[in-house]
Structure formats: C-alpha cells, structure tokens
Amino acid sequence: MKIFILKIIILVGFIVGILCWLGQYKIPSHHYMNTVSYFNTIKKEKKEIDIAIYGSSRAYCSYNPKIIDSVLKTRSFNFGNDAQRVIVSKYILKETLKDIKPKLVVLDVYPPSISNPVGEKALAYQMKSYYYYNFSFDKFKSVLEVFPFENAKNLIFPALKRNDFKYDLEFKKSNDYIHPRQAKASEYRGFVGYDLVMKEKINLSTKQIKALGEKVKSNTSSYDKFSEEEISSLVGFIEYAKKENAEILLVVAPYYSAFKEKGGYAEFHNFITKLSREHNFNVLDFNLHWDKIKYNYKDFKDKGHLSSIGANKTSKYLADYVAEHYKLPSRENDPLWRSEQPLNLNSFIKKEYKKKAKTLNASLTEDLKLESFKIKKFGGDKKLIIKLDSKVTDSILKKYKLGFHTFVNEEDKDKLAGYSKSKKRDYDAWDFDPEIKEIEGEKYIIKTLSTPITHYRKIKFFLYDRSGYKGLIGETLEIENVEIN
C-alpha cells in the first residue's frame, strides 16, 4: 500500500512538473516578465537587496532604484505591477523574501489598491503578477485565495488553458518584453519610467494644496470603505515583513484625485496614519508634500501616474526621507556595488566616450558631418550617442529627419519591435527629429532606444526632409557589426 501511495505521489509530481514546464510557453508577454527576470538574475548572483518596493503601477512609475541608490548607497528593487492589490502584494512579498532579506520594505498604497479585486478586468490585472514566478505552495495558496476556481486553474497551470476548445500551445517564448515605441519607456530594476507628459496642463494652486493639509488635520471621520478582510491583508503584509526583520514604510504616490473636494482623501490618509500608530511603522504621503517637491503637470504622464521627470523628483525625496528616518548601511565602499552603478550620460561622455566610440568622420551632407558614435547601455536604457562636427548648428539639423535603422541577425528577429515583425523586416526603424545637446563643450545627438537587442549585424544612417519623406538627401552611412555595452 505504501509503495502504491508513493507511486501516486511521484506520478502527481511528474504531471505537475510537466504542466509547469509547458506553462512557460503559454504565458503572455508583459513588462513584469522583465522585472522577474532581472530579479532572478540578482538571485543567481546572490546579491543582497536593501530596499524592496511593492505596489501597483503607481509604485513602479514613481520610485526609481537608480536615484534611490545614488543617494543612499544601497541596492534597491521595485516589484510593483499594474493594478496590483495589497492581497496580491502580500504574495509577492512572501515569494521574494524567500531569497532576499531587505532591511526596509516600502509599500505604496491608495484606496483602490487596498480593496480586493472584483470583476473580470480587475482579476485579469492580478494574474500578471503571478505568471512569471515559479510554482510554489505560497503561489498555490494565494491564487486560490484571490481567484475563482476556473481562473485559478488556468493561472497555476497555463498549459491547460484552451482557446475555442483548441490546443494552441506553441513551443516558443520570449524572455524579454519590448515596450511599444510610443510609450517612450525605460526600465531599471522593476521601475518603468515614461518620457511622456499628460495632456491636461493642470497645476494645483497654493490654496488647493493647503486645503488638503488642513482637511487632514481637522478631519475626525472614520474611513469605512474597506472590509475586515481587506484590512487584514494590509496588516498581514506589514506583519509578515516585520517577521522577516524588515522595517516598514507605507507611501502614497502623488495623484490629482487626492485633491477633489469630496473625494474622502483626508479620511483615507487618517486611516493609514491610525494604522501606522497601531502597528508601529512610518507613513510618507507625497500628496501632503506637493508644495515642497514642487510638482507640476510635466511631472505626470497622466493624472494618476508620474512621468520620468516626476519619478526622479519623488525618488530623491523618498531617499532623503529614508536617510533621515532609517539607518541603512552604506555600500559605497563595496567594489561590487560600485561596479554595477549605472553611469549617467554626462559622466560617460566626459570619462569614457572618446575611447569607446567608433570614429566615423563621415558627412551625410556638406553641412552635416558625424565625427563618431556609440550605442551605450545605461542600466535599463540604451542610448545612441552621435558626436557632431563643431560647425553643425540647430538651423542645419531642423531641415532633416535622421533615419536610423538597426539590422539584426536571424536569432534576434523575435526581439524586434512588433511593427517590424508584422512587416517581416529584419530591422527596426528609429527615424527621429535630431536635436543638438551640448556636453562638455561638444555637440551631440542623443536618442534613447527601447530594445533588448545587444548586437546589430548592421546599422544605417541617412537623411530626408523633416516635413515628410520625399526621397533620401545626401549620403547613406552603413556600419557593420555593432555591439551595445
């Protein structure tokens, strides 16, 4: 009998293993796969994380580890994901703390993120926070807690999912997510920065900013919009982090809706402040520091999410707050930490560009000469850097659009942008309006590239009229075998 039971256990284990292996080919592509992939690299390299950040898209749009670490000399990571609710963040916390022991856990919240997900759309968003972590008992338990059985089954074993009762599994997958070109996105350790500005040019008045602060101080109403289960999930997150010897900081990223007259935001703020007193943790609400940080509409990509510019402001303020309220050891003297810190553009050009750039000394037209170029990786960003002849002026560049095409080898075709693949191209087109950027007294053209590709078979530069394509202008320049590093 014991042998029979053992055989059953082995068979079930084998089936589960096969389903998990097949499931990796059924998981949809999403930017969170990059976050988990980078985290897996950190685990493999056995690097410690000092500050772990959790929450929704407002977390991953707001808190940039690059900025935080440059101030605190720490190693931080952002685990935020689209519409991630606290009940799901609690699972992500448990899953990630199996491999890291952060000294500080930061959780970003706002009213919808504390509420449990209800409805097909909300549940679909939560799935994206589970897909890319390996099967575990904690994952199994959390999925059953959050999802109805049908969703839970497909989430735990994606290979069982059917489309129109047809088995549509394809044995190919992508390990990298490529953001759409129009998103103007760059990534670094889970943070996603967007070089976008919201359409509405709304700047809050001093009166509006002060009014929120006064409401918070004078309000005595209780906030009764959360169920006991939802509050329990939030407290559970806090207590689990404490059990793992991490300090807790609850943060609220800035958003315009907080300033609505009848939005109930003062009650929400006082709810989390009361909770902080009961469970001994700090709260940093950026909506109450709006005037100090000097937010304006350019700091937001929409009314609820920060742009790259706003995220940099917020991350610096967060780092200064942490420095004042927590004692985290510095890694400044750790050679490994120093070696992994991303150079900023100005430092690279000042210290390394000259020896690492490829010399061109080529003229596309009589008045536009390219002296050298380099495609450089900066953390999660890649930038095309072109040094111009000193005689090139803005008035010259304004006549042209710069064509820039990057050709790949056969094995990298799956990494091309979606539009390129739809056209069956073997290259990406990055054509753009060039502008002069002066650094250290020299003239450059800088272009950010959002791509996982690290080697090009060939690149091509050419010019055409900025008002629209009417044929090539001048010469075409081709360079073969280009590495990105």
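Arg189 touches Tyr38, Ile42, Pro65, Asp69, Arg75, Ser76, Phe77, Asn78 and Glu340, leaving aside residues up to four places away in sequence; contact here means heavy atoms within 4.5 Å. The model is predicted, so local features need pLDDT of at least 70 and side-chain atom pairs pLDDT 80 or more, whereas totals for chains, interfaces and linings use all residues. Residues are numbered from 1 along each chain as its sequence is written, and side-chain values use heavy atoms, without hydrogens and water. Arg189 lies in the loop between β4 (185-188) and β5 (191-194), strands being DSSP runs of E with at least two residues and helices runs of H or I with at least four, numbered from the N terminus. With a relative accessible area of 3%, Arg189 is buried (under 20%; exposed is over 50%, partly exposed in between, with a 1.4 Å probe and protein chains only).

Helix α5 (residues 86-96) packs against helix α11 (residues 228-243) at an angle of about 20 degrees, with the axes 8 Å apart; axes are lines fitted to C-alpha atoms over the stretch in contact, and angles run from 0 to 180 degrees between N-to-C directions. The two helices α5 and α11 are therefore roughly parallel, a term for angles under 35 degrees. Their contact involves, among others, Leu93 of α5 and Leu234 of α11.

Conventions
Angles under 35 degrees count as roughly parallel, over 145 as roughly antiparallel, 65 to 115 as roughly perpendicular and the rest as oblique.
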